[in-house]
Amino acid sequence: MVVLKTTAQGDIKEAFRAIARWWSEFKIQTRLMATATLVVSIIMSALTFWAVNTIQTNAHLNDTRYGRDLGLLLAADVAPLIAQGDTTAVAEFSRKFYERSASIRYILYADPTGEIYYGLPYSAPQVESALTLRRRMQLPESYRERQEPLVRQHQTPDGLVADVFVPLSFNGQNLGVVAIGINPNETFIASASLTRDLTIAVFVSLWIMVILGGVFNALTITQPIKELVQGVKNIAAGNFKQRINLPFGGELGELITSFNDMAERLASYDAQNVEELQAEKAKLDTLVSTIADGAILLDTEMRVILVNPTAQRLFNWEGMNVIGQSALSCFPAPVCEKLTCPLFKASSGQSEGGEFRVTLQEPSPRSVRILLTTVMDVQREKPKGIAITIQDITREVELNEAKAQLISNVSHELRTPLFNIKSIIETIQEYGSELSDEKQQEFLATANHETDRLTRLVNDFLDISRLESGRPYQFGAVHMGQVIEQILRTYQLNAANKSIELSTEVETPLPAVWGNYDLLIGALTNLVGNALKFTPEGGRVVIRAYVWHPPSDPEQERVRIEVADTGMGIAPEDQPRVFERFFRVENRVHTLEGTGLGLAIVQDIIHKHNTHIHLISEVGVGSTFWFDLAIDETALLPPEQSNVETALPSP
């Protein structure tokens, strides 16, 4: 058995190899036509199968519905007659019913036991005689339980016949079953025959077209293609004088003309020996155009001979043709100021280049690093040109400035409280026995204050770190009345010590907002703390919360939170930068302590709530910060806060 199986597999492989060799001997046109014919044949066969199957399915469905309706109609008419035992009337009615419809193949009646006692076109003696077996209807038990029409189909020489079994009942009494056979739909038979005929006609037409196409191909296409193939072979062998002279028009004529043009160009390139130069130039152009840094190449006369897209963007040369122009007339003014002398020295061979930093204002403010490199002719030992590389270091400069500012701010903030704490400890250590209790308590209070100052600094850095770490926060329904009440309790004593009136104006009932309780506490803590810090004695700080309708969408409701003070205010030129990290207005208008991180933290928190914080301020009048929060529709209204002052602010 193993030997026979191995032999059969070898025969199959050999047959496949023979077919492959036979197929490889055909020309490409013959293969294309054969493949196209096969594909079209498969598609047409599939369409024919689908059409015939669709027609057959619809016809069977219609026969089934028609037979079911006829069965129900017949059962409803004969059930009273069968119940009365009037078999003559049943037979007469059934005969008329049978003759009126050519679609009915047979009608059979059976008693509740399934025994057939009458049928058309079969008579009672034909159904049962002494020489034939008793005929019965065997129906499934599920049919007897449901007492609903049952439809089946069986194949006959004339086609598929639908068998419909309808229960007979009258006044709840089971009288048996009536069965009706429905002949196949003649329309379907005609449609299927027509479809098959059309398919055969299409197939015949298709193959006739293929044969005619093959003849046409052999007469009109094969010859020029052979000539083209031979010409390509000659050119591949190095014979660039090959030409094709055939009197063809249309696409073949264009192809022959293009071939002759190609041969002429190849002959010209071969004579000039520039193929390698073209390839190297293409590589260079691709490399220069894709590097991230700007690249410019100048000749010894400082004319631009190459520039990549990055340099065009950095020097705002987009849309300009600078090739062949003097570089000094095209460079931005800051670049000309920096590079004029170095370029003259590099072009004369007095220097090998250098590195320069320039700040540009157009098309946007940015810092760039420019590297000059003199391209030397090794054999003649004199300059051939100047290569300029431009690197955008704006981000690097910003990071260095931020790092320096961070170090400066942190050093300043840490140095003062640490120095104070150290001084207090040294004083207590050296003169502790000579100091009064009151003085010692004063020193300890100062040390505690400075420790709190250090703690706030560290907490600010930790808050910034947590907000930027991507840590997930749980958001849900937050009652702003409770948040404001907690802020009020936290800062009430601080405000009283500074003789500042701290009050709230909270609309009631105030709907819950979508947010994070702890983050909102942190945002309001920073806002209220800043307001108290920059408000002089006798001033006022107010926290407001109310429902607000945006003018762009009056149907929408949001909760607006405001923190207003009557403090020093912020100058208009400083307002755009107050939310930047480490930016402190007090460095310019006053000397109060701070890290410059509070409002940056507030902005990050508000951004996490998918909204923005806004500011309006006037120097000497005060400042108001506000932001809007989305209402949580699923939450209940917050409980009324009896100890929170309530007022409706004017819009």
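Predicted model: local features only at pLDDT ≥ 70, side-chain atom pairs only at ≥ 80, totals over all residues.
Good morning. In helix H17, the buried residues are Gly598, Leu599, Ala600, Ile601, Val602, Asp604, Ile605 and Ile606. That amounts to eight of the eleven residues of this helix, which spans residues 598–608, so H17 is largely enclosed by the rest of the structure. After H17 comes Asn610, which has a positive phi, near 60°.

The protein chain contains 17 helices and 17 strands. Of its 651 residues, 37% are buried. Among contacts with a separation of 6 or more, 59% join residues 24 or more positions apart. The chain exposes about 39400 Å², and carbon and sulfur atoms supply 56% of that area.

I turn next to helix H3. This helix covers residues 87–100, 14 residues in total, and its first and last C-alpha atoms are 20 Å apart, close to the 20 Å expected at 1.5 Å a residue. Its buried residues are Val90, Ser94 and Phe97. Viewed down the helix axis, they fall within an arc of 65°, so they line one face of H3. Thr88, Glu99 and Arg100, on the other side of H3, are exposed.

On the surface, Val39, Ile43 and Leu47 form a nonpolar patch with about 260 Å² of accessible area together. Val39 belongs to helix H2, residues 28–84, and is partly exposed at a relative accessible area of 42%.

Finally, the salt bridges, of which the count is 13. Glu355 and Arg369 meet through their side chains at 3.1 Å, N to O. This pair links distant parts of the chain, with Glu355 in strand E8 (residues 353–360) and Arg369 in strand E9 (residues 366–377), 14 residues apart. Arg369 counts as buried, with 13% relative accessibility.

Two further pairs each lie within one helix. In helix H14, residues 480–497, Glu485 and Arg489 are four residues apart, about one turn of the helix, and their side chains form a salt bridge at 3.2 Å, N to O. Glu426 is partly exposed, at 38%.

To conclude, Glu501, Glu505, Arg540, Arg544 and Glu562 are linked in a network of salt bridges. Thank you.

Methods:
Residues numbered from 1 in each chain as written. Heavy atoms only, no water. Helix = DSSP H or I, 4+ residues; strand = E, 2+ residues; numbered from the N terminus. Buried < 20%, exposed > 50% of the residue type's maximum accessible area, 1.4 Å probe, protein only. Contact = heavy atoms within 4.5 Å. Areas by Shrake-Rupley, 256 points an atom, 1.4 Å probe, with all protein chains shown as cover. Patch = residues over 30% accessible without salt bridge, like charges linked within 9 Å, V, L, I, M, F, W, Y side chains within 5 Å. Salt bridge = Lys/Arg side-chain N within 4 Å of Asp/Glu carboxyl O. Expected span 1.5 Å × (residues − 1). Arc of directions from axis to C-beta.
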